[in-house]
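The following text is a guided reading for someone who meets this structure for the first time. Please keep the sequence and the model in view while reading.

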Amino acid sequence: MTAIAPGSEAPRDPILRVTGLTKEYHDFAALRDVSFDIRRGSIHGLLGENGAGKSTLVGLIAGMRVPTRGRILLDGREVQGLDVKAAEQAGVFLVTQEPMIVGQITVAENLLLGHWPQQGGVINWKELRRQARRMLEGTDIDPEALAENLSAVNRRKLNILRALFSGGRLIILDEPTAALTVDDRTVLFDFMRKLREQGITFVFISHYNEEILDICDAVTVLRNGRLAGSSDDISTMNSARLSELVLGRDLQLFERRTAGVAAPTEAGFRVRGVKAPLVDIVEFAIRPGEVVGFAGLPGSGAKEFAQTLFGLNPAETGVMRLATDGGETPLPPGPPEALARGIAYLSDDRRRDGLVASLSIGDNLSLSSLPVLSRLGFVKRRAEAGLIRRYFREMGVKAPDPAVSIDTLSGGNQQKVCLGRLLATKPSVLILDEPTRGIDVGVKEDVHRMVDKLTQEGLSVIVVTADLGEMSRVVDRVCIFSGGTIVETLHAPDITKERLLKAAFNRRDARALA
């Protein structure tokens, strides 16, 4: 079936029907007159920019919020206005981006959490383990393992299985691939397809068009709180069409232009003899204004080397030299020393490492610059205020003013604040670890253009990303890692997704993986 315009007749046999759904907060409408259906036993994609209304919509479906107007029907029964517990009893479960598990207890205990079988008023451990083994059959998850020792993908599987054990029929997955490797994502998608064959219905929220096209049967796109478009047959859609629906315009993908640009011959940053956990690098150098990508399978050394340069993966041996230094010095033993020497690192997990959620936008922007903004233990408030104003403006943060809590921002704007905080330290080398993970398509391209502008001012940039299509557009050179060392280097314009796949995965035919 072809794409459906907003308000058109939806497919038959829906497990969920949403009609005229609206959520208002005083004079602001977070969601307005949204209608669509979700077919039973399907994977239904939900796409939209940060702030488009996705969180509001799933919050209404999952019983976390009450609609101002509109109807939500589950199997033909009205469920709008239910609380979370009642929604779960009806079979609707929201699995959040951060897996909700208790790390100090076993997988089996997590799986049946809240439903531990009892006999004679005490927990029947034998029955608990029996039920857990049955639920985990066909997976590679050990029911006796501590939950904190699970891989990222198995944590997500555990959360889905727990929802199923509790009676889940419609499971909402909020960006479940965040922090997953390419291989982990494949494992998760295979797991979801098997459950779909058993009649389970998923709502799959993602910022990646390719993921929607890969795993989903149907898609709904929100823009500015309204339904931008929908299709009950994902085969009628392509990435360009999805981006157009998300943004309301054609998406102009950034592509770095390096041909004909005379780069300095001398390295701005050079390291030699680096040995650290999973890292063994003879020599690496990057010129001022150059963008170098690091690629490789998990554990190959790509991410580990980037973290070693910032002191997060402490080096056993190794020396470095910046163009501003007088000579070679040992690699920084930790992040404070790295920042002080002009090396900045953007973590792949902004919630864990990049932000202080209880502080304002301004406080987060100035956080890494406090050592140079302070004197005798007191912060020079006028200088701090000037720094905050500058980077709030230059990063294009969408908020009324810097005093607003950072928790109120969309993921893309939070990422802009993280990047601004690092740029405020005036680094010579900027390391970006998955810089566009969890942000919408429009902001991704904004970030790439921002980084490109900075390189024109002489900043050296290292990019670590599993998105090889993105990598092929934004770097001048890619270092392929395996066994902790650089085994191959590709240069623009010969960097393509297919060549990266062949080099990183060592497969003869990478087309099947693309």
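The model is predicted, so local features need pLDDT of at least 70 and side-chain atom pairs count only at pLDDT 80 or more, while totals for chains, interfaces and linings use all residues. Residues are numbered from 1 along each chain as its sequence is written, and side-chain values use heavy atoms, with hydrogens and water left out.

Helices (H or I, at least four residues) and strands (E, at least two) are DSSP runs numbered from the N terminus. Two strands are said to pair if DSSP finds at least two bridges between them. Eight bridges connect β1 (residues 14–25) with β2 in the antiparallel sense. Within this pairing, Val18 has Phe36 in β2 as its bridge partner.

Another strand to locate is β22. Which residues point each way from β22? Ser460, Ile462 and Val464 point one way, Val461 and Val463 point the other way, and all are buried. Buried means under 20% relative accessible area, exposed means over 50%, and partly exposed lies in between (1.4 Å probe, protein chains only). Because five of the five residues of β22 (residues 460–464) are buried, the strand is largely enclosed by the rest of the structure.

Strand β15 (residues 291–295) runs parallel to β22 and is joined to β22 by four bridges, with Gly293 and Val463 as bridge partners. Strand β21 (residues 429–433) is also parallel to β22, through five bridges, and here Leu430 has Val461 as its bridge partner. From β21 the chain passes through helix α16 (residues 441–455) to β22, a right-handed β-α-β crossover. Right-handed means that, with the strands pointing away from the viewer, the path from the first strand over the helix to the second runs clockwise.

Side chains of opposite charge can pair when their charged atoms come close. A salt bridge is a side-chain nitrogen of Lys or Arg within 4 Å of a carboxyl oxygen of Asp or Glu, and the whole structure contains 26 salt bridges. One of them joins Arg130 and Glu127 at 2.7 Å, N to O. Both residues belong to helix α4 (residues 125–136) and are three residues apart, about one turn of the helix. Arg130 is partly exposed at 41% relative accessible area, and Glu127 is partly exposed at 23%.

Asp476 and Arg256 form another salt bridge, with the closest N and O atoms 2.7 Å apart. Asp476 lies in the loop between α17 (468–474) and β23 (477–482) and Arg256 in the loop between α8 (239–247) and β13 (269–276), so the pair ties together parts that are 220 residues apart in sequence. Both residues are buried.

Glu445 and Arg473 also form a salt bridge, at 3.1 Å between the closest N and O atoms. This pair links helix α16, which holds Glu445, to helix α17, which holds Arg473, across 28 residues. Glu445 and Arg473 are both buried. Finally, salt bridges that share partners join Asp13, Arg40, Asp75 and Arg169 into one network.
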